[in-house]
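Trainee: I would like to learn how to read a structure. Could we go through it feature by feature?
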Amino acid sequence: MSIVETKDLVFEYIRRDEEGNVEGITRAVDNVSLSIRQGDFIAVLGHNGSGKSTLAKHINAILYPTEGTVWVNGMDTSDDEKLWDVRQSAGMVFQNPDNQIIGQVVEEDVGFGPENLGVPTKEIWERVEESLRAVGMYEFRKHSPNKLSGGQKQRVSIAGVIAMHPKCIVLDEPTAMLDPKGRKEVIRAARALNDVEEITVILITHYMEEIIYANRVFVMDKGRVAMEGTPREIFSQVERLKELRLDVPQVTLLAHELKKSGLQIPDGILTTQELLQALGL
Amino acid sequence: MLRDITLGQYYQTDSVIHRLDPRVKLVTTIVFIVSLFVVEGAAGYVLAGLFLLLVIRLSKVPVRFMMRGMKSIAFLLVIAVIFNLFLTQGEVVVSFWKLTITKEGIYYAGCMAVRLVFLIMGSSVMTLTTTPNNLTDGLEKLLGPLKVIRVPVHEIAMMMSIALRFIPILLEETDKIMKAQIARGADFESGNLIKRVKSMVPLLVPLFISAFRRANDLATAMEARCYRGGDHRTKMKPLVYHRRDLMAYGTVCAYLALCIVAGRII
């Protein structure tokens, strides 16, 4: 069964001048139809302005389609009555860690979502504990979020979403403002969620290294899905990725260049280990 | 430099007063302040002083922390004393030049000084023993009945706690913007007051823009986490009265009764 499904999704930003007259229309998402299965780890890739974040905001019913439909867990996101159910089923983590933490203490922030859902007090505490443990932030539960590192703040944000018991989590460039160490922490937390809790993860990113853990990748360009497949299939097409102005991980690029120079190497090398094996070293 | 500012003046320790429900502390503070203006005569002030002393001892907060608050009102205190001393009509005690000090003047000046000092100390005990967060919770619960006349109590409390959360972030940001501008030759330190205030303008504009952007992001994040106002909302840390809170209320009632009695007798 698909947890997230879009059909002919179109979203247009209307730019207006100061008097409110329409200056122009930008099609941020253009005819996207896709279907994501429960338990998948999906990566959505694309350079700035490719429409990937706009697409993500549709899954959480922050934006509504101009044309077409989005279903989350079988519910139409345009249905006002289902709004809160949609937002509960599909949690969202944003880019800037500072601007999404509401509580002044870590545990209070994680409790914010369940509080909004009207969960009884005792169960809130259980959910907070289990979510903080899931992202490895339990020992920081009494800390002020201001004293945490970027990666830790993002993990708290993820815990805040898990505490709402969603079926699916959308991570909208969660690592864009983090240092390499923080990036690793966040990606590790997201993978653990997918493996252990079997929550569907939709990771929006422009870091190539992060997509190798996904089981399906969508590459977006100019609002359309330009490529779709497993990371290996995507990385086999180095030339196409370059056309879309996306960087390829160094090792994949090296393998590609070596192959072009005549060495016998399979396409879509993802890790250093694989390249070493392929070279027989 | 800006990061050194601590928020509020919470003094971290574990005492009976710290553990009290914030509502009790708010009510007590109000009762205490009212009592200061109701009591007449020395007996009343001695009573208020004893009550204050008891609470301070129980709170385990060093007295010098209370005194800190006094600095900010020293000026006000001096003015209040001087006005009362010289401008009260009555039986003349000393008279020189155009100024006269009357017996009533001395009495009122003394009363005013004691009142103000007690008032500041009394409210300091509350802010020193209650975290800002707890205080907001207490206010929300206390003002709850106002919802009937459509006062958005929950929203006000939410705004207060969000403001508290963002103060350190915005301070840090101010610091960053300041440093960026100093690096490009801006001068915040020299010149007279007007010049210094003017140099703050290029600091405020980017700060405001960023604050609005943050507010927008935060609102989206809150909605994404199903925030829809105070209705149907449960509390992770609901305020519940314990036995000690009821005992505290009892003590406050006894204090109030004593104040009224003391005023009658003497």
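Trainee: Is K181(A) buried or exposed?

Mentor: This is a predicted model. K181(A) has a relative accessible area of 60%, so K181(A) counts as exposed. The cut-off for that word is over 50%, while buried means under 20%.

Trainee: Which residue meets the side chain of K181(A) in a salt bridge?

Mentor: The general idea is that side chains of opposite charge can pair when their charged atoms come close. Here the partner of K181(A) is E185(A), at 3.4 Å from N to O. Both residues sit in helix α6 (residues 180–197) of chain A, four residues apart, about one turn of the helix. E185(A) counts as buried because its relative accessibility is 14%.

Trainee: How many salt bridges does the structure hold over all chains?

Mentor: The count over all chains is 30. One of them pairs E107(A) with K142(A) at 3.1 Å, N to O. That pair links distant parts of the chain, 35 residues apart: E107(A) is in helix α3 (residues 106–117) of chain A, and K142(A) is in the loop between α4 (121–134) and α5 (150–162) of chain A. E107(A) is buried, as its relative accessible area is 3%, whereas K142(A) is exposed at 56%.

Trainee: Which residue of chain B forms a salt bridge with E107(A)?

Mentor: K237(B) does, with the closest N and O atoms 3.0 Å apart. Across the interface of chain B and chain A, the rule finds four salt bridges. It also finds 18 residue pairs in polar contact there. On the chain B side, α7 (153–183) and α8 (193–224) each supply at least two residues that touch chain A. The most come from α8(B), with eight residues. By type, the residues on that side are 13 nonpolar, five polar and nine charged.

Trainee: What area is buried between chain B and chain A?

Mentor: The size of an interface is often given as the accessible area lost when the parts come together. In this case the figure is about 3000 Å², and carbon and sulfur atoms give 53% of it. The contact involves 35 residues from chain A and 27 residues from chain B.

Trainee: How many residues are in the largest nonpolar core?

Mentor: That core has 47 residues, and L132(A) is one of those with the most contacts inside it. Another core lies apart from it, with 32 residues, among them F94(A) and A224(B).

Trainee: Where is T130(B) placed?

Mentor: T130(B) lies in the loop between α5 (103–129) and α6 (132–142) of chain B. With a relative accessibility of 3%, T130(B) counts as buried. Its side chain reaches the backbone oxygen of M126(B) at 2.7 Å and makes a polar contact with the side chain of K25(B) at 3.3 Å.

Trainee: What is the phi of D8(A)?

Mentor: Phi of D8(A) is near 45 degrees, a positive value in a residue other than glycine. D8(A) belongs to strand β1 (residues 2–16) of chain A. N31(A), which is not a glycine, also has a positive phi, of about 55 degrees, and N31(A) is in strand β2 (residues 22–37) of chain A. D8(A) is partly exposed at 36% relative accessibility, and N31(A) is partly exposed at 41%.

Definitions and conventions
Residues are numbered from 1 along each chain as its sequence is written. Chains are lettered from A and ligands numbered from 1 in the order in which they are written. This is a predicted model: local features need pLDDT of at least 70, side-chain atom pairs count only at pLDDT 80 or more; totals for chains, interfaces and linings use all residues. Side-chain values use heavy atoms; hydrogens and water are left out. Contact means heavy atoms within 4.5 Å. Buried area is the accessible area (1.4 Å probe) that two parts lose on being put together, summed over both. A polar contact is a pair of N or O atoms within 3.5 Å; within protein, one must be able to donate a hydrogen and the other to accept it, and residues adjacent in sequence count only if both atoms are side-chain atoms. Ala, Val, Leu, Ile, Met, Phe, Trp, Tyr, Cys and Pro count as nonpolar, Asp, Glu, Lys and Arg as charged, and the others, Gly among them, as polar. A nonpolar core is a set of buried Ala, Val, Leu, Ile, Met, Phe, Trp, Tyr and Cys residues joined through side-chain atoms within 4.5 Å. Buried means under 20% relative accessible area, exposed over 50%, partly exposed in between (1.4 Å probe, protein chains only).
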